[in-house]
Amino acid sequence: MIELSAKLTTGTVYLAGEAIECAITFSHTAQPEHRNSQSHSDILENLAWASAQIHCFFSTSKNSGDKTPVIEKTTALEVTSCDIGDVIFHTKPKILFCDLTIPLGETKTFWYRESLPIEAPPSYRGTAVKYSYKITIATQKVGSHIKMVRIPFRVLPISPIMNMQDLSALCGNETTEELQPTNPFSEERKVETPLTMALQVLQNLTARRSPNSYMITNARGRVGRFCLFKSAYKLGEDIVGTFDFSVGTVTCMQVSVSLQPEEIMKTNTPTKNVNKENSSRSMTVARCHEVTLGLTHSQLILPIPLHITPAFEGDEVSLSWRLHFEFVTSNEKLFPTSEDKDWNAPLNVPIETMVWNLPVKIYSTQPKQITQQTVGSDAYTLYIK
């Protein structure tokens, strides 16, 4: 019996454009029922071939119930897409070996390395669509059927800016190389790749502090002022803002702020008119709630989860992020003044709720910051008899 074990050696989260590495081990182990009687055929095991490649699967909620198997025949490996989705991207299969003989008790290890395209769509599980990545490892024992094992991993987008010319222009305008100390005696010079340039751009975009103030008003007057210190964030950062209710003429009793994605499906039919409201679906991934009655100032601290997908623009769907505000206000007299000697708190307070959406930009972070807070890569095992 052959035991195939595969494990990602460089983590389970990658940026588009990064190189992925997987260790694939084939071990010849004896079956428990044959430990005492070994024939010549049991001592040597032969595998005809083994290959590995990357598949990106795409599925929608509309076709998730379709159980008709669809076979992707554009690659060396036949991939059934009825359970996972349609293959929208794949790398060329790499042959690990041909005609491999493994004696009993021995192990052979092979390495699979592949670079992801920088324009590859990210891993995403939305309300209407899903993108998922897997390394497909296939092998065939002489005289047996093909066996496959798939290893899932996560891909993060570099940026909504996928045009290489625009990326180069941005890097040229925003580089911080002049501010860094240089060694005149060193002959080494860093070679800028599209990936390193994109990371530099993202670092510059998310490091900038550009406070913006917004006056919140309704039909009855001013509710307050909200200040957001910056509008571009990375995964894992905190969205920080402040509320100033001292400038308001309307009492704000409580405020709730939610981080919500905007998933907009795209239509491939030019004659079909799709309303943006009908094609946009939202849900809440993080929420902050504050009771502000009697307060003149309050703050917003909203952590961005590491498991969400940053904003991206794809052929089938686009994803953006927003802050959804809900203000509960009242025009009633809720506190006594110096002239009120016999004042009683009201038993019922008429309230009004107003909502407001503020777009924010969420970008990727370094994969190592995600893998440090998650469980490491597990080995995936396949037994070939």
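**Talking through the model**

Modeller: Gladly, and please keep in mind that this is a predicted model. Among contacts in the protein chain between residues at least 6 apart in sequence, 73% join residues at least 24 apart.

Biologist: What does the secondary structure of the protein chain come to?

Modeller: The protein chain has five helices and 24 strands. Of its 385 residues, 41% count as buried, and the accessible surface comes to about 21,700 Å², with 50% of that belonging to carbon and sulfur atoms.

Biologist: How many disulfides does the structure hold?

Modeller: There are zero disulfides in the structure. If you are thinking about cysteines, Cys-56 is buried, with a relative accessible area of 0%, and Cys-252 is buried as well, at 5%.

Biologist: OK, salt bridges then. How many does the structure hold?

Modeller: The structure holds seven salt bridges. One of them joins the side chains of Glu-352 and Arg-220, at 2.7 Å from N to O. That pair links distant parts of the chain, since Glu-352 lies in strand 23 and Arg-220 in the loop between strand 13 and strand 14, 132 residues apart.

Biologist: And why does Arg-220 count as exposed?

Modeller: Arg-220 counts as exposed because its relative accessibility is 52% and the cut-off for exposed is over 50%.

Biologist: Which residue meets Arg-225 in a salt bridge?

Modeller: That is Asp-244, whose side chain meets the one of Arg-225 at 3.6 Å, N to O. Asp-244 lies in strand 16 and Arg-225 in strand 14, so this pair ties together parts that are 19 residues apart in sequence. Asp-244 counts as buried at 16% relative accessibility, whereas Arg-225 counts as partly exposed at 31%.

Biologist: What about Glu-262 and Arg-322, are they buried or exposed?

Modeller: Both Glu-262 and Arg-322 are buried. Their side chains meet in a salt bridge of 3.2 Å, N to O, and the pair links distant parts of the chain, with Glu-262 in strand 17 and Arg-322 in strand 22, 60 residues apart.

Biologist: Changing topic: where is Thr-91?

Modeller: Thr-91 is in the loop between strand 7 (86-90) and strand 8 (94-103), and at 8% relative accessibility it counts as buried. A polar atom of the Thr-91 side chain lies 2.9 Å from the backbone nitrogen of Ile-54. Leaving aside neighbours within four places in sequence, Thr-91 is in contact with Gln-53, Ile-54, Tyr-112 and Glu-114.

Biologist: What is the phi of Asp-99?

Modeller: Asp-99 has a positive phi of about 55°, although it is not a glycine. For background, most residues other than glycine have a negative phi. Asp-99 lies in strand 8 and counts as exposed, at 59% relative accessibility.

Biologist: Which residues make the nonpolar surface patch of about 200 Å²?

Modeller: The patch is made by Ile-43, Leu-44 and Leu-104. Of these, Leu-44 sits in strand 4, which covers residues 44-60, and Leu-44 is partly exposed, with a relative accessible area of 31%.

Biologist: Last one, how far apart in space are Leu-8 and Pro-152?

Modeller: Leu-8 and Pro-152 are 9.5 Å apart from C-alpha to C-alpha, although 144 residues separate them in sequence. Leu-8 is found in strand 1, residues 2-8, and counts as buried at 3% relative accessibility.

Note on methods. Residues are numbered from 1 along each chain as its sequence is written. This is a predicted model: local features need pLDDT of at least 70, side-chain atom pairs count only at pLDDT 80 or more; totals for chains, interfaces and linings use all residues. Side-chain values use heavy atoms; hydrogens and water are left out. Helices (H or I, at least four residues) and strands (E, at least two) are DSSP runs, numbered from the N terminus. Buried means under 20% relative accessible area, exposed over 50%, partly exposed in between (1.4 Å probe, protein chains only). Contact means heavy atoms within 4.5 Å. Accessible areas come from the Shrake-Rupley method with a 1.4 Å probe; for residues, only the protein chains shown count as cover. A disulfide is a pair of cysteine sulfur atoms within 2.5 Å. Patches are made of residues with over 30% relative accessible area and no salt bridge: like charges are joined within 9 Å, nonpolar side chains (Val, Leu, Ile, Met, Phe, Trp, Tyr) within 5 Å. A salt bridge is a side-chain nitrogen of Lys or Arg within 4 Å of a carboxyl oxygen of Asp or Glu. A polar contact is a pair of N or O atoms within 3.5 Å; within protein, one must be able to donate a hydrogen and the other to accept it, and residues adjacent in sequence count only if both atoms are side-chain atoms.
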